[in-house]
Amino acid sequence: MSGTGKAGDGDAVARTVLPGGLRVVTEVLPSTRSAAFGIWAGVGSRDEDRSHAGATHYLEHLLFKGTPSRTALEISAAIDAVGGELNAFTAKEYTCYYARVIDTDLPLAIDVLSDMVARSLIEPKDVDAERGVILEEIAMNDDDPSDTAHEAFGAQLFGDTPLGWPILGTTDSINAITPHQIAEHYRARYTPPDLVVAAAGNLVHDEVVDQVQRAFGEALVPGTGPSQPRVGGAAPRVPEGSGPGVRLVSRGIEQANLVLGGPGLSRTDDRRFALGVLNAALGGGMSSRLFQEVREKRGLAYSVYSFTSQHADSGVWGVYAGCLPAKADEVLAICREEIAKVVSAGLTPAELERGKGQLRGSLVLGLEDPSSRMSRLGKAELVYPRLEPVEEILARVDAVTGDDVLEVAAAVLGQPKTLAVVGPFDDDAGFAAALEAG
(Lines give C-alpha, C1' and ligand atoms only; values in the text may rest on other atoms or scores of the structure.)
Protein backbone atom coordinates (compact mmCIF):
# COMPACT_ATOMS: atom_id res chain seq x y z
CA MET A 1 0.00 0.00 0.00
CA SER A 2 1.29 3.46 -0.83
CA GLY A 3 0.04 6.80 0.32
CA THR A 4 0.68 9.85 -1.82
CA GLY A 5 -0.40 12.47 0.67
CA LYS A 6 -3.04 15.00 -0.15
CA ALA A 7 -4.59 15.14 -3.60
CA GLY A 8 -5.74 18.75 -3.44
CA ASP A 9 -8.16 21.10 -1.68
CA GLY A 10 -6.20 21.23 1.57
CA ASP A 11 -6.41 18.59 4.29
CA ALA A 12 -9.87 17.34 3.30
CA VAL A 13 -8.72 15.21 0.34
CA ALA A 14 -6.41 12.21 0.60
CA ARG A 15 -5.25 9.53 -1.85
CA THR A 16 -3.86 6.03 -1.36
CA VAL A 17 -2.75 3.47 -3.96
CA LEU A 18 -3.43 -0.13 -2.93
CA PRO A 19 -1.55 -3.20 -4.20
CA GLY A 20 -2.46 -3.90 -7.80
CA GLY A 21 -2.85 -0.21 -8.62
CA LEU A 22 -6.32 0.41 -7.16
CA ARG A 23 -6.64 4.08 -6.18
CA VAL A 24 -8.68 5.28 -3.23
CA VAL A 25 -9.45 9.00 -3.04
CA THR A 26 -11.59 10.52 -0.31
CA GLU A 27 -12.81 13.91 0.84
CA VAL A 28 -13.87 14.52 4.43
CA LEU A 29 -17.05 16.57 4.86
CA PRO A 30 -17.52 16.56 8.65
CA SER A 31 -20.67 18.67 8.64
CA THR A 32 -22.69 16.01 6.77
CA ARG A 33 -24.37 12.89 8.11
CA SER A 34 -24.16 11.05 4.80
CA ALA A 35 -21.49 9.61 2.54
CA ALA A 36 -21.25 8.99 -1.19
CA PHE A 37 -19.18 6.09 -2.47
CA GLY A 38 -18.34 5.36 -6.10
CA ILE A 39 -16.21 2.97 -8.09
CA TRP A 40 -15.09 4.47 -11.39
CA ALA A 41 -13.90 2.31 -14.26
CA GLY A 42 -11.70 3.90 -16.91
CA VAL A 43 -13.72 2.45 -19.77
CA GLY A 44 -16.44 4.08 -21.81
CA SER A 45 -18.25 3.47 -25.05
CA ARG A 46 -15.42 5.00 -27.09
CA ASP A 47 -13.21 2.08 -26.00
CA GLU A 48 -15.34 -0.46 -27.86
CA ASP A 49 -14.72 -2.08 -31.22
CA ARG A 50 -17.51 -3.24 -33.51
CA SER A 51 -17.77 -6.67 -31.92
CA HIS A 52 -18.20 -5.10 -28.48
CA ALA A 53 -20.43 -2.14 -29.39
CA GLY A 54 -22.73 -1.50 -26.45
CA ALA A 55 -20.79 -3.86 -24.13
CA THR A 56 -19.74 -1.14 -21.69
CA HIS A 57 -23.32 -0.06 -21.01
CA TYR A 58 -24.44 -3.71 -21.03
CA LEU A 59 -21.98 -4.36 -18.19
CA GLU A 60 -23.45 -1.46 -16.25
CA HIS A 61 -26.65 -3.52 -16.09
CA LEU A 62 -25.05 -6.90 -15.52
CA LEU A 63 -22.93 -5.98 -12.52
CA PHE A 64 -26.15 -5.65 -10.52
CA LYS A 65 -27.15 -9.25 -11.35
CA GLY A 66 -25.14 -11.15 -8.78
CA THR A 67 -21.80 -12.32 -7.38
CA PRO A 68 -20.74 -15.59 -5.75
CA SER A 69 -21.95 -14.25 -2.39
CA ARG A 70 -24.98 -12.10 -3.36
CA THR A 71 -27.97 -12.47 -5.66
CA ALA A 72 -29.38 -9.50 -7.58
CA LEU A 73 -32.11 -9.17 -4.95
CA GLU A 74 -29.61 -9.25 -2.10
CA ILE A 75 -27.54 -6.50 -3.75
CA SER A 76 -30.49 -4.12 -4.07
CA ALA A 77 -32.08 -5.14 -0.75
CA ALA A 78 -28.89 -4.44 1.19
CA ILE A 79 -28.91 -0.77 0.16
CA ASP A 80 -32.71 -0.41 0.27
CA ALA A 81 -32.73 -1.69 3.84
CA VAL A 82 -30.70 1.32 4.99
CA GLY A 83 -32.59 3.87 2.89
CA GLY A 84 -29.68 4.35 0.52
CA GLU A 85 -29.41 4.99 -3.20
CA LEU A 86 -27.63 2.59 -5.58
CA ASN A 87 -27.13 3.29 -9.27
CA ALA A 88 -24.67 3.54 -12.17
CA PHE A 89 -24.06 5.36 -15.44
CA THR A 90 -21.96 4.94 -18.57
CA ALA A 91 -20.25 7.77 -20.46
CA LYS A 92 -17.99 7.98 -23.48
CA GLU A 93 -14.79 7.59 -21.45
CA TYR A 94 -15.74 6.14 -18.07
CA THR A 95 -18.34 4.18 -16.11
CA CYS A 96 -19.40 4.78 -12.51
CA TYR A 97 -21.18 2.64 -9.91
CA TYR A 98 -22.24 4.62 -6.88
CA ALA A 99 -24.18 4.61 -3.63
CA ARG A 100 -25.23 7.26 -1.16
CA VAL A 101 -25.94 6.23 2.41
CA ILE A 102 -25.94 7.46 6.00
CA ASP A 103 -22.35 7.78 7.15
CA THR A 104 -22.61 4.80 9.52
CA ASP A 105 -23.67 2.59 6.59
CA LEU A 106 -20.65 3.46 4.44
CA PRO A 107 -18.90 0.12 5.21
CA LEU A 108 -21.96 -1.69 3.82
CA ALA A 109 -21.91 0.38 0.62
CA ILE A 110 -18.20 -0.28 0.19
CA ASP A 111 -18.68 -4.02 0.61
CA VAL A 112 -21.66 -4.28 -1.77
CA LEU A 113 -20.23 -2.15 -4.60
CA SER A 114 -16.76 -3.67 -4.36
CA ASP A 115 -18.27 -7.15 -4.54
CA MET A 116 -20.29 -6.16 -7.62
CA VAL A 117 -17.37 -4.64 -9.47
CA ALA A 118 -14.68 -7.17 -8.55
CA ARG A 119 -16.64 -10.42 -8.62
CA SER A 120 -19.62 -10.12 -10.96
CA LEU A 121 -20.72 -13.50 -12.36
CA ILE A 122 -21.77 -12.31 -15.88
CA GLU A 123 -23.88 -15.43 -16.35
CA PRO A 124 -25.36 -16.19 -19.80
CA LYS A 125 -28.91 -16.35 -18.39
CA ASP A 126 -28.53 -12.81 -17.03
CA VAL A 127 -27.08 -11.58 -20.33
CA ASP A 128 -30.09 -12.96 -22.19
CA ALA A 129 -32.60 -11.61 -19.66
CA GLU A 130 -31.09 -8.13 -19.68
CA ARG A 131 -30.90 -7.99 -23.47
CA GLY A 132 -34.59 -7.21 -23.66
CA VAL A 133 -34.27 -4.50 -21.01
CA ILE A 134 -31.51 -2.77 -22.97
CA LEU A 135 -33.47 -3.01 -26.21
CA GLU A 136 -36.38 -1.32 -24.41
CA GLU A 137 -33.99 1.38 -23.21
CA ILE A 138 -32.82 1.96 -26.79
CA ALA A 139 -36.44 2.15 -27.97
CA MET A 140 -37.28 4.63 -25.20
CA ASN A 141 -34.31 6.77 -26.23
CA ASP A 142 -35.41 6.62 -29.87
CA ASP A 143 -38.89 7.79 -28.86
CA ASP A 144 -37.46 11.04 -27.46
CA PRO A 145 -36.80 13.33 -30.45
CA SER A 146 -34.43 15.61 -28.53
CA ASP A 147 -32.28 12.61 -27.55
CA THR A 148 -32.40 11.42 -31.14
CA ALA A 149 -31.28 14.83 -32.38
CA HIS A 150 -28.26 14.88 -30.05
CA GLU A 151 -27.38 11.32 -31.04
CA ALA A 152 -27.69 12.15 -34.74
CA PHE A 153 -25.49 15.20 -34.19
CA GLY A 154 -22.76 13.07 -32.61
CA ALA A 155 -23.04 10.48 -35.37
CA GLN A 156 -22.59 13.14 -38.06
CA LEU A 157 -19.85 14.98 -36.20
CA PHE A 158 -17.64 11.96 -35.45
CA GLY A 159 -18.90 9.58 -38.12
CA ASP A 160 -18.64 5.81 -37.94
CA THR A 161 -16.17 5.84 -35.04
CA PRO A 162 -16.59 4.82 -31.39
CA LEU A 163 -17.11 8.48 -30.42
CA GLY A 164 -19.90 8.69 -32.96
CA TRP A 165 -21.59 5.48 -31.87
CA PRO A 166 -24.43 5.57 -29.31
CA ILE A 167 -23.43 4.69 -25.75
CA LEU A 168 -26.30 2.20 -25.52
CA GLY A 169 -25.26 0.41 -28.69
CA THR A 170 -27.75 -0.24 -31.47
CA THR A 171 -30.55 -2.77 -31.79
CA ASP A 172 -28.35 -4.82 -34.12
CA SER A 173 -25.24 -4.69 -31.93
CA ILE A 174 -27.16 -5.63 -28.76
CA ASN A 175 -28.91 -8.52 -30.50
CA ALA A 176 -25.58 -9.76 -31.87
CA ILE A 177 -23.33 -9.53 -28.81
CA THR A 178 -22.67 -12.77 -26.93
CA PRO A 179 -22.15 -13.53 -23.23
CA HIS A 180 -18.56 -14.47 -24.03
CA GLN A 181 -17.86 -11.08 -25.65
CA ILE A 182 -19.34 -9.23 -22.67
CA ALA A 183 -17.38 -11.32 -20.16
CA GLU A 184 -14.26 -10.73 -22.24
CA HIS A 185 -14.85 -6.98 -22.07
CA TYR A 186 -15.35 -7.21 -18.29
CA ARG A 187 -12.14 -9.15 -17.68
CA ALA A 188 -10.09 -6.82 -19.87
CA ARG A 189 -11.42 -3.51 -18.53
CA TYR A 190 -12.40 -4.02 -14.89
CA THR A 191 -8.92 -4.49 -13.44
CA PRO A 192 -7.53 -2.69 -10.35
CA PRO A 193 -5.15 -0.42 -12.33
CA ASP A 194 -8.15 0.89 -14.31
CA LEU A 195 -10.41 1.43 -11.28
CA VAL A 196 -10.73 4.38 -8.92
CA VAL A 197 -12.58 4.29 -5.63
CA ALA A 198 -13.90 7.70 -4.56
CA ALA A 199 -15.77 8.62 -1.40
CA ALA A 200 -16.93 11.87 0.15
CA GLY A 201 -18.79 12.67 3.35
CA ASN A 202 -18.44 12.12 7.06
CA LEU A 203 -15.66 9.53 6.86
CA VAL A 204 -12.11 8.64 7.89
CA HIS A 205 -9.74 8.06 4.96
CA ASP A 206 -7.72 5.24 6.53
CA GLU A 207 -10.88 3.38 7.51
CA VAL A 208 -12.20 3.61 3.95
CA VAL A 209 -8.86 2.32 2.62
CA ASP A 210 -8.94 -0.66 4.99
CA GLN A 211 -12.54 -1.48 4.09
CA VAL A 212 -11.85 -1.26 0.34
CA GLN A 213 -8.77 -3.47 0.67
CA ARG A 214 -10.75 -6.13 2.54
CA ALA A 215 -13.65 -5.92 0.09
CA PHE A 216 -11.48 -6.36 -3.02
CA GLY A 217 -9.39 -9.03 -1.32
CA GLU A 218 -7.67 -11.42 -3.71
CA ALA A 219 -8.33 -9.11 -6.68
CA LEU A 220 -5.50 -6.86 -5.44
CA VAL A 221 -2.31 -8.47 -6.74
CA PRO A 222 0.93 -6.59 -5.88
CA GLY A 223 3.31 -5.50 -8.57
CA THR A 224 1.08 -3.36 -10.78
CA GLY A 225 0.67 0.40 -10.61
CA PRO A 226 -2.36 2.48 -11.57
CA SER A 227 -3.07 3.32 -15.19
CA GLN A 228 -2.27 6.82 -16.32
CA PRO A 229 -5.11 9.35 -16.56
CA ARG A 230 -6.84 9.56 -19.92
CA VAL A 231 -5.34 12.86 -21.05
CA GLY A 232 -4.38 14.34 -24.42
CA GLY A 233 -3.74 12.60 -27.69
CA ALA A 234 -4.44 13.57 -31.27
CA ALA A 235 -8.00 14.51 -32.14
CA PRO A 236 -9.84 11.54 -33.67
CA ARG A 237 -9.90 11.33 -37.43
CA VAL A 238 -13.36 11.78 -38.87
CA PRO A 239 -14.31 9.52 -41.78
CA GLU A 240 -15.09 11.08 -45.14
CA GLY A 241 -18.68 12.23 -45.36
CA SER A 242 -18.87 13.05 -41.67
CA GLY A 243 -18.13 16.25 -39.80
CA PRO A 244 -19.62 19.44 -41.27
CA GLY A 245 -22.95 18.86 -42.96
CA VAL A 246 -26.55 17.94 -42.27
CA ARG A 247 -28.06 14.75 -40.88
CA LEU A 248 -31.85 14.53 -41.11
CA VAL A 249 -33.95 12.01 -39.20
CA SER A 250 -37.39 12.27 -40.80
CA ARG A 251 -40.26 11.67 -38.35
CA GLY A 252 -43.93 12.50 -38.38
CA ILE A 253 -43.89 14.47 -35.13
CA GLU A 254 -45.24 17.88 -34.14
CA GLN A 255 -41.89 19.53 -33.40
CA ALA A 256 -38.61 20.18 -35.14
CA ASN A 257 -35.53 19.39 -33.06
CA LEU A 258 -32.32 21.12 -34.16
CA VAL A 259 -28.75 20.68 -32.96
CA LEU A 260 -26.19 22.97 -34.58
CA GLY A 261 -22.52 22.95 -33.62
CA GLY A 262 -19.14 21.37 -34.15
CA PRO A 263 -15.91 20.16 -32.56
CA GLY A 264 -15.04 21.74 -29.21
CA LEU A 265 -12.04 21.64 -26.88
CA SER A 266 -10.41 18.84 -24.95
CA ARG A 267 -10.83 18.81 -21.19
CA THR A 268 -7.27 20.04 -20.57
CA ASP A 269 -7.25 22.84 -23.15
CA ASP A 270 -6.49 26.12 -21.35
CA ARG A 271 -9.12 27.85 -23.48
CA ARG A 272 -11.92 25.80 -21.89
CA PHE A 273 -12.56 28.49 -19.27
CA ALA A 274 -13.14 31.15 -21.94
CA LEU A 275 -15.37 28.74 -23.85
CA GLY A 276 -17.33 28.08 -20.66
CA VAL A 277 -17.92 31.79 -20.13
CA LEU A 278 -18.92 32.17 -23.78
CA ASN A 279 -21.31 29.22 -23.56
CA ALA A 280 -22.99 30.67 -20.47
CA ALA A 281 -23.55 34.03 -22.15
CA LEU A 282 -24.63 32.58 -25.49
CA GLY A 283 -27.16 30.00 -24.31
CA GLY A 284 -26.63 29.05 -20.69
CA GLY A 285 -29.54 30.73 -18.95
CA MET A 286 -32.64 32.90 -19.20
CA SER A 287 -30.56 36.05 -19.75
CA SER A 288 -28.50 34.45 -22.52
CA ARG A 289 -28.61 35.75 -26.07
CA LEU A 290 -30.31 32.69 -27.52
CA PHE A 291 -33.01 32.51 -24.86
CA GLN A 292 -33.75 36.21 -25.21
CA GLU A 293 -33.75 36.30 -29.01
CA VAL A 294 -35.52 32.99 -29.74
CA ARG A 295 -37.93 32.62 -26.84
CA GLU A 296 -38.47 35.93 -25.05
CA LYS A 297 -38.56 38.35 -27.99
CA ARG A 298 -40.11 36.12 -30.65
CA GLY A 299 -41.74 33.20 -28.83
CA LEU A 300 -40.37 30.74 -31.38
CA ALA A 301 -39.31 27.93 -29.03
CA TYR A 302 -39.90 26.68 -25.53
CA SER A 303 -36.45 25.12 -25.22
CA VAL A 304 -33.27 26.67 -26.59
CA TYR A 305 -29.79 26.45 -25.11
CA SER A 306 -26.11 26.00 -25.91
CA PHE A 307 -23.80 23.34 -24.52
CA THR A 308 -20.22 22.09 -24.41
CA SER A 309 -18.65 18.77 -23.46
CA GLN A 310 -15.07 17.59 -23.35
CA HIS A 311 -13.14 14.41 -24.07
CA ALA A 312 -9.47 13.58 -23.60
CA ASP A 313 -8.52 14.60 -27.13
CA SER A 314 -11.52 16.50 -28.46
CA GLY A 315 -14.80 18.04 -27.49
CA VAL A 316 -18.20 19.22 -28.65
CA TRP A 317 -20.08 22.49 -28.65
CA GLY A 318 -23.55 23.09 -29.91
CA VAL A 319 -26.94 24.79 -29.77
CA TYR A 320 -30.23 22.94 -29.33
CA ALA A 321 -33.71 24.27 -30.15
CA GLY A 322 -37.12 22.65 -30.32
CA CYS A 323 -39.79 24.52 -32.29
CA LEU A 324 -42.74 24.16 -34.63
CA PRO A 325 -41.62 22.71 -37.99
CA ALA A 326 -42.82 25.84 -39.79
CA LYS A 327 -40.52 27.95 -37.62
CA ALA A 328 -37.39 25.79 -38.04
CA ASP A 329 -35.83 27.93 -40.76
CA GLU A 330 -36.33 31.11 -38.74
CA VAL A 331 -34.97 29.60 -35.52
CA LEU A 332 -31.95 28.22 -37.34
CA ALA A 333 -31.28 31.60 -38.95
CA ILE A 334 -31.39 33.37 -35.55
CA CYS A 335 -29.04 30.82 -34.01
CA ARG A 336 -26.59 31.19 -36.89
CA GLU A 337 -26.83 34.98 -36.63
CA GLU A 338 -26.13 35.03 -32.88
CA ILE A 339 -23.19 32.68 -33.33
CA ALA A 340 -21.80 34.89 -36.08
CA LYS A 341 -22.14 37.98 -33.86
CA VAL A 342 -20.14 36.34 -31.08
CA VAL A 343 -17.46 35.24 -33.53
CA SER A 344 -17.08 38.74 -34.97
CA ALA A 345 -17.54 40.89 -31.86
CA GLY A 346 -17.34 38.68 -28.78
CA LEU A 347 -19.33 39.55 -25.66
CA THR A 348 -20.26 42.87 -24.13
CA PRO A 349 -18.64 43.69 -20.75
CA ALA A 350 -21.95 42.99 -19.02
CA GLU A 351 -22.31 39.61 -20.75
CA LEU A 352 -18.73 38.73 -19.86
CA GLU A 353 -19.37 39.37 -16.17
CA ARG A 354 -22.69 37.50 -16.22
CA GLY A 355 -21.02 34.56 -17.94
CA LYS A 356 -18.29 34.46 -15.32
CA GLY A 357 -20.79 34.72 -12.50
CA GLN A 358 -22.93 31.93 -13.90
CA LEU A 359 -19.90 29.67 -14.30
CA ARG A 360 -18.67 30.41 -10.78
CA GLY A 361 -22.07 29.85 -9.25
CA SER A 362 -22.77 26.60 -11.06
CA LEU A 363 -19.38 25.24 -10.01
CA VAL A 364 -19.70 26.11 -6.33
CA LEU A 365 -23.40 25.23 -5.98
CA GLY A 366 -22.73 21.97 -7.78
CA LEU A 367 -20.31 20.91 -5.04
CA GLU A 368 -22.66 21.31 -2.10
CA ASP A 369 -23.39 17.61 -1.51
CA PRO A 370 -21.29 14.45 -1.01
CA SER A 371 -22.36 12.89 -4.34
CA SER A 372 -21.03 15.77 -6.43
CA ARG A 373 -17.84 15.86 -4.37
CA MET A 374 -17.36 12.14 -4.89
CA SER A 375 -17.90 12.53 -8.64
CA ARG A 376 -15.33 15.30 -8.80
CA LEU A 377 -12.74 13.08 -7.10
CA GLY A 378 -13.37 10.06 -9.31
CA LYS A 379 -13.37 11.97 -12.59
CA ALA A 380 -10.28 13.97 -11.66
CA GLU A 381 -8.33 10.80 -10.89
CA LEU A 382 -9.38 9.10 -14.13
CA VAL A 383 -9.30 11.86 -16.72
CA TYR A 384 -7.32 14.85 -15.42
CA PRO A 385 -3.61 15.25 -14.68
CA ARG A 386 -4.51 16.32 -11.13
CA LEU A 387 -7.36 17.44 -8.92
CA GLU A 388 -7.58 21.18 -9.45
CA PRO A 389 -8.51 23.05 -6.27
CA VAL A 390 -11.83 24.87 -6.50
CA GLU A 391 -10.19 28.22 -5.74
CA GLU A 392 -7.78 27.71 -8.61
CA ILE A 393 -10.64 27.00 -11.03
CA LEU A 394 -12.53 30.07 -9.83
CA ALA A 395 -9.42 32.20 -10.32
CA ARG A 396 -9.05 30.94 -13.88
CA VAL A 397 -12.67 31.80 -14.61
CA ASP A 398 -12.17 35.29 -13.15
CA ALA A 399 -9.08 35.75 -15.35
CA VAL A 400 -11.01 35.29 -18.62
CA THR A 401 -10.94 38.46 -20.72
CA GLY A 402 -13.03 39.70 -23.59
CA ASP A 403 -10.10 38.99 -25.93
CA ASP A 404 -9.94 35.41 -24.66
CA VAL A 405 -13.60 34.94 -25.51
CA LEU A 406 -13.20 36.51 -28.94
CA GLU A 407 -10.25 34.24 -29.68
CA VAL A 408 -11.98 31.03 -28.64
CA ALA A 409 -15.17 32.04 -30.47
CA ALA A 410 -13.23 32.38 -33.71
CA ALA A 411 -11.30 29.15 -33.16
CA VAL A 412 -14.28 27.00 -32.17
CA LEU A 413 -17.59 28.59 -33.17
CA GLY A 414 -16.16 30.05 -36.37
CA GLN A 415 -15.48 26.68 -37.98
CA PRO A 416 -17.73 24.84 -40.49
CA LYS A 417 -20.73 23.45 -38.70
CA THR A 418 -22.70 20.25 -38.30
CA LEU A 419 -26.50 20.26 -38.14
CA ALA A 420 -28.80 17.47 -36.99
CA VAL A 421 -32.55 17.75 -37.57
CA VAL A 422 -35.33 15.50 -36.30
CA GLY A 423 -38.82 16.30 -37.53
CA PRO A 424 -41.46 16.01 -40.28
CA PHE A 425 -39.22 16.95 -43.21
CA ASP A 426 -38.85 15.05 -46.48
CA ASP A 427 -35.33 16.14 -47.39
CA ASP A 428 -32.44 18.16 -46.05
CA ALA A 429 -31.79 20.36 -49.10
CA GLY A 430 -33.12 23.52 -47.47
CA PHE A 431 -31.17 22.91 -44.27
CA ALA A 432 -27.99 22.18 -46.22
CA ALA A 433 -28.36 25.42 -48.18
CA ALA A 434 -28.90 27.39 -44.97
CA LEU A 435 -25.86 25.80 -43.38
CA GLU A 436 -23.65 26.61 -46.36
CA ALA A 437 -24.92 30.17 -46.40
CA GLY A 438 -23.91 30.58 -42.76
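User: How is a cavity to be understood here, and what is its volume?

Analyst: A cavity is a set of grid points where a 1.4 Å probe fits but cannot get out, and its volume is the space filled by probe spheres set on the points. In this predicted model, the second largest cavity has a volume of about 30 Å³.

User: How many cavities of 30 Å³ or more are counted in the structure?

Analyst: The count is two cavities of 30 Å³ or more.

User: Which residues line the second largest cavity?

Analyst: A lining residue has an atom within 4 Å of a cavity point. For the second largest cavity, these residues are Leu258, Leu260, Val319, Tyr320, Ala321, Leu332 and Cys335. Strand S9 (256–263), S11 and helix H11 (328–345) each give two or more residues to this lining, and S11 gives the most, with three. By class, the lining has seven nonpolar, no polar and no charged residues.

User: Which residues line the largest cavity?

Analyst: Its lining consists of Leu275, Leu278, Asn279, Leu282, Ser306, Phe307, Thr308, Trp317, Gly318 and Leu413. The elements that contribute two or more residues are helix H9 (272–283), strand S10 (301–310) and strand S11 (315–323).

User: Which element supplies the largest share of that lining?

Analyst: Helix H9 does, with four residues.

User: How does the lining of the largest cavity divide by class?

Analyst: Six of its residues are nonpolar, four are polar and none is charged. Gly counts as polar in this scheme, and Gly318 is one of the lining residues.

Definitions and conventions: Residues are numbered from 1 along each chain as its sequence is written. This is a predicted model: local features need pLDDT of at least 70, side-chain atom pairs count only at pLDDT 80 or more; totals for chains, interfaces and linings use all residues. Side-chain values use heavy atoms; hydrogens and water are left out. On a 1 Å grid over the protein atoms alone, a cavity is a set of points where a 1.4 Å probe fits but cannot get out, and a pocket is an open set with protein on both sides within 12 Å along at least five of seven lines; lining residues have an atom within 4 Å of a point.
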